[in-house]
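Some labels attached to a structure rest on a cut-off. The questions below ask what stands behind them.

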Amino acid sequence: PPRLEIDLTVAEATASSAAATIPRGPSPAAATAVKAGRSPAKKSEPAKTETAAGKARATEPKPATPVTTQAPSRPAVAASNQSAAPVEQSIRIASLGKLDSKPTDAAAAVASYRKLAEAGNADSQYRLANAYAQGSGVPQDYAEAAKWYRKAAEQGHVVAQNDLGVMYANGWGVPRSEQDAWKWFLTSGAHGYAGAQSNVGAMYLNGRNDAEAARWMQKAAAAGVPEAQYSLGTLYANGRGVPHDDTSAMEWFRKAAEQSYAPAQLALGKMYLAAGPTRNYEQALTWLRQAAEAGVPEARYQVAQIYLNGWGVHTDNAEAASWMRKAAESGLVDAQVHMAEMLRDGHGFNRDIVTAYAWFALAGANGSEKAKAELKAVSSEMTPQQIADAQRLSLIMVTNQLRPQGPGVASVQK
């Protein structure tokens, strides 16, 4: 059976409505990864959880090198992989891309904000910045948003200080500057704003100073910031900056999970699924299903495994097949391999060796050595016509990353 690990790997998930999730380099945000390899026709028990203890380095935070930057209303910044395990950083945006209210006449609201903002009212400056950041009542303009965040920040508006830091951290409307981001996060955090405290913790994690990261995450987590609660849970789970403590890890994961923070739901579900005194299949399925329904590929895969193997539930091949397909269509390579195996063996689906071949080809193109080996094996069972059909389907799937309609296969879930 595969080993169940909390290995500091990022899990894509929907952030809370008031926050943007910004991956920024190594940190202990633990979404977990299960290595496939189990035959779908056999039941097995999930193995014991292993935690990877990170070594804290007492250094000042160092900038992470970004790979790409996207800029929709709530953009996300992808980060480079460094020597340490890739992890997720959450930079909390309290207001950017989210107005406090939605007036029926946005243009009139902006005119009202502007009049007071130009007279020096900090709260109106902050609201005007929000309008420009979101493009509500005015064309979206990050440079104007940053200008008005700065005016409010310089008057001591703690949320504007945090949001200005976010602008600098991502280069939205201002030159990207870790130094300026650091300055404004610290300023806001020192005045007690929990979102900024979480961001300070995130930047310390970028710099591999886990002890300081834990200190700041403690403050933000205690104030209820789900990203900080989740990061603090992973610090405890991996013994980074704090003593290893699975009980504390689960407590913080739960606090974040109860706020619908999907990475925490995944982490908590997997801790309940793992062998040991905390194993509880009912709780595992509860939390993993919530994360799966939020669109987390790894959670979808885990739910499929639960139904496939009958862990605390009656075996349900149809339910397993449904979740395995969703995980595979989400791009999770292990799920793509498992999907191919299920189609090849007629487990949960009608046997369809042609589509199985196509899924093996897609997983192989996505880097699975096991899929490449299975592709050769399954070819030996196929007729020349089946191979030709499978290769045509594979070309579509590999080239376009599409999942055409066919036996055992549904169109991509949007």
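Helices are DSSP runs of H or I with at least four residues, and strands are E runs of at least two. In this predicted model, the protein has 17 helices and five strands by that count.

Q: Why is Arg 208 called buried?
A: Buried means under 20% relative accessible area. Arg 208 has a relative accessible area of 12%, so the residue is buried.

Q: Where is Arg 208 found, and what is its phi?
A: Arg 208 sits in the loop between helix 6 (194-206) and helix 7 (210-222). Its phi is positive, about 65°, although Arg 208 is not a glycine. Most residues other than glycine have a negative phi.

Q: What makes Ser 260 count as exposed?
A: The label exposed requires over 50% relative accessible area. Ser 260 has 53% relative accessibility and therefore counts as exposed. This residue lies in the loop between helix 9 (246-257) and helix 10 (262-273), and its phi is also positive, near 65°.

Q: How much of the protein is buried?
A: Buried residues make up 53% of the 414 residues.

Q: What is the mean pLDDT of the protein, and over which residues does pLDDT stay under 50?
A: The mean is 78, and 71% of the residues reach 70 or more. On a scale from 0 to 100, pLDDT stays under 50 over residues 1-43, for which the model has 182 contacts beyond four places in sequence. Residues 403-414 are also below 50, with 33 contacts beyond near neighbours in sequence.

Conventions:
Residues are numbered from 1 along each chain as its sequence is written. This is a predicted model: local features need pLDDT of at least 70, side-chain atom pairs count only at pLDDT 80 or more; totals for chains, interfaces and linings use all residues. Side-chain values use heavy atoms; hydrogens and water are left out. Buried means under 20% relative accessible area, exposed over 50%, partly exposed in between (1.4 Å probe, protein chains only). pLDDT is the predictor's confidence in each residue, from 0 to 100. Contact means heavy atoms within 4.5 Å.
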